[in-house]
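Here are my notes for your read-through, as numbered points. Have the model open beside you as you go.

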Amino acid sequence: MTELLKKNITAHISLSDPEIGTFCNLFQHQIIKKKSFLLREGEVCKFEAFVVKGLFRVYHIDQNGFEQILYFAIENWWITDIDSFTNETPSQLFIEALEDSEILLIAKKEKEYAYANLPQIEKLFRIMTQKTHVALQRRMIDNLSKTADQRYLEFSTKYPQLIQRLSNIQIAAYLGITNVFLSNIRKKIALRK
């Protein structure tokens, strides 16, 4: 169960086998059924989770009732509401399983233990936070400066494994467009081929 997590860790930092074992033992394994929520708006996020199997969406519902998907998480990705987790405040987000999934959860107390006893773990989370920040910044710039067509093409090129697993409605919500507009984009692309 923890082999994928170990590979994820060692892709970012070097730890001895005992240190990796100690860190992995701080996680709790959970099976999450499709359409189940890990987190709902208003709850305090008490975990960071590593996706072992499955697919999740992290989203917000705006004042008009529209879904705004921040990101998807598949195998070998991490999910959380970092604001709620860090500041222990009510979440503005929902985290929902789109497929039957398996995750490894680490609670704040266990993460703090890892920081205190395994100094390299702080480096691991700093690196991951920086990568997440870069990805979100790039996404914001893309949303401000690129057309919906360009954003769709980049998404489908960058994440072909997601395109096969998501509905048009979910992709449209991620891109910030309507399902009808996404269908039109796909038709235009198909006609060009």
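1. A quick word on terms before the sheets: two strands count as paired if DSSP finds at least two bridges between them. Helices (H or I, at least four residues) and strands (E, at least two) are DSSP runs, numbered from the N terminus. Please keep in mind that this is a predicted model, in which local features need pLDDT of at least 70, side-chain atom pairs count only at pLDDT 80 or more, and totals for chains, interfaces and linings use all residues. Residues are numbered from 1 along each chain as its sequence is written, and side-chain values use heavy atoms, with hydrogens and water left out.

2. Strand β3 (residues 47–53) pairs with β6 in the antiparallel sense over two bridges, and F50 stands opposite W78 in β6.

3. Another open sheet of four strands runs in the order β2-β7-β4-β5, again with antiparallel pairing. Here β2 (37–39) and β5 (67–74) are at the edges with a single partner strand each, so one side of each lacks a neighbour in the sheet. From one strand to the next, the twist averages 25°. Strand β4 (residues 55–61) is joined to β5 by seven bridges, the two running antiparallel; L55 has I74 in β5 as its bridge partner.

4. Now the helices. Helix α1 (residues 3–10) packs against helix α2 (residues 17–24) at an angle of about 120°, with the axes 11 Å apart (axes are lines fitted to C-alpha atoms, for helices over the stretch in contact, and angles run from 0 to 180 degrees between N-to-C directions). That makes α1 oblique to α2, given that angles under 35 degrees count as roughly parallel, over 145 as roughly antiparallel, 65 to 115 as roughly perpendicular and the rest as oblique.

5. Last, what lines the second largest pocket? The residues are F66, E67, Q68, I169, A172, A173, G176, I177, T178 and N179. A pocket here is an open set of points on a 1 Å grid over the protein atoms alone, where a 1.4 Å probe fits, with protein on both sides within 12 Å along at least five of seven lines; lining residues have an atom within 4 Å of a point. Both β5 and α8 (168–175) give two or more residues to this lining, and α8 provides the largest share, three residues.
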